[in-house]
Amino acid sequence: MTGLGAAITMSMAPTLLASKSNAIENPAILGGNPIRTKPWPKWPIWDPETDEKQVIEVLRSGVWSRKKVVTEFEKQWAETIGAKRALAVVNGTNALIAALVQLDIGGGDEVIVPPYTFIATVAAVIATGAMPVFVDTDRETFQIDTEKIEAKITSRTRAILPVHILGLPANMPRIMEIANKHNLIVVEDACQAWLAEINHKKMGTFGHAGCFSFQNSKNMAIGEGGAIVSDDDDFMDRCYSYHNYGNPYGAMIGEVGAGTVIAGTKLRITEYQAAIGLAQLKRLEAQTVTRNENAGYLKSQINDIPGIIPYKLYDNVTRAAFHLFPFRYNKEEFQEMPREKFIKALGAEGVPCSQGYATLNNMPYLKNAFQSKNFRKMYPKEMLDINTYNEQNQCPENDQLCHEEAVWLSQSMLLTKQTDMDDIAMAIEKIQKNADKINKA
Ligand SMILES: *Cc1c(COP(=O)(O)O)cnc(C)c1O
């Protein structure tokens, strides 16, 4: 509390330079000058000059339901990802559900998932009636630990749902090897991995299907939106039909005059969403390049700070999406300062960050699903015992990552200059040097 008054006075220091030279001994959380006062880029980015023409055209046309703009967006998305086909849908969650359902995943099946992901990944599995089976995280890469997948395969296992979490590619070559060996379907949750690559091949194109999200916070922001990509025409025709009430489409023609051919739903996006998507797509490539450059530079700048362990990419990764910039925090090198305090101290220096995901493998939603009528009809009683389930789905590495280690910086912070990355590195270093002081305060 005593620091508060001091912070206000000192932030009025005459020049940034003066504030910086003094900053090193005086953490902002204790009333010193923050390393940075300049704001970070806002998200999403929108330029009325270049982005609004087509959106306004669509609005004035009165053609708002799916028509040629959505089709054009799908065409460009497929080209961008290097897939034969793309289908736009309402969001990433439903892209996953549609892909799983059309690959015949459902009640009684097990689907292998990582615990280090956004809830939507697991929610999608449960929505199909399938049982999520968690495989622990490799803390170095933040991705599913492929060495631990095979031990979790049972006679019920039908699919692996790898997630390229934080926009860093999961080890797809190895995952496909395991899937092929055990005859499993692979649906990639690429909802954070737009344009990320392994050996110059885009994420979302390794498995039978890839799913994307265009939600507002995502690197490719439409507000809401999602897409499924695949090279399998029959599968994509089924997905199209499914997203349009199950009405005939492509190979899904059924008998002439017989009407609706499959059990479908309604997942179509609007023409104005697609117009926003086309505008955003124009800047995705350049932004991805910038994020990669700045992430690589920032990593090199913080690599040697004791107690800071940046993400590791697999050797064959040629590009990441960096939806987040993650590193691991080791409090032993920070005088045992809890991560929460480190995050506050870094925030006070003008570098906002967060601790990221909570553990998904033991939240109440699982018990709720197991008590549902569908699950009770699909699975033997033993499989729905939540204590046994929790026991079998322990992920100790992931617990450590979630509870103690992970720290995230957001993707939009990477859309700046190298000197802005220096601010981040400097702020972390400053906290490291003053850990004792901060921790005792
Ligand atoms: C955002 C996200 C989703 C879901 O996408 P929505 O468009 O929000 O439904 C699924 N998986 C991951 C990893 C995500 O980040």
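1. A handy term to start with: pLDDT is the predictor's confidence in each residue, from 0 to 100. For this chain the mean pLDDT is 94, and 95% of the residues reach 70 or more. Over residues 1-19, though, the pLDDT is below 50. Beyond near neighbours in sequence, that stretch has 16 contacts in the model (contact means heavy atoms within 4.5 Å). Where pLDDT is low, the predicted coordinates should not be read in detail.

2. Some ground rules for reading this note. This is a predicted model, in which local features need pLDDT of at least 70 and side-chain atom pairs count only at pLDDT 80 or more, while totals for chains, interfaces and linings use all residues. Residues are numbered from 1 along each chain as its sequence is written, and side-chain values use heavy atoms, with hydrogens and water left out.

3. Now find helices H5 (residues 92-102) and H6 (residues 119-127), which pack at an angle of about 35 degrees with their axes 9 Å apart. Helices (H or I, at least four residues) and strands (E, at least two) are DSSP runs, numbered from the N terminus. Axes are lines fitted to C-alpha atoms, for helices over the stretch in contact, and angles run from 0 to 180 degrees between N-to-C directions.

4. Next, have a look at Asp145, in the loop between strand E5 (143-144) and strand E6 (157-160). Asp145 has a relative accessible area of 15%, so it counts as buried (under 20%; exposed is over 50%, partly exposed in between, with a 1.4 Å probe and protein chains only). Leaving out residues up to four places away in sequence, Asp145 touches Val135, Asp136, Thr137 and Asp138. The C-alpha atoms of Asp145 and Glu397 are 9.7 Å apart, although 252 residues separate them along the chain.
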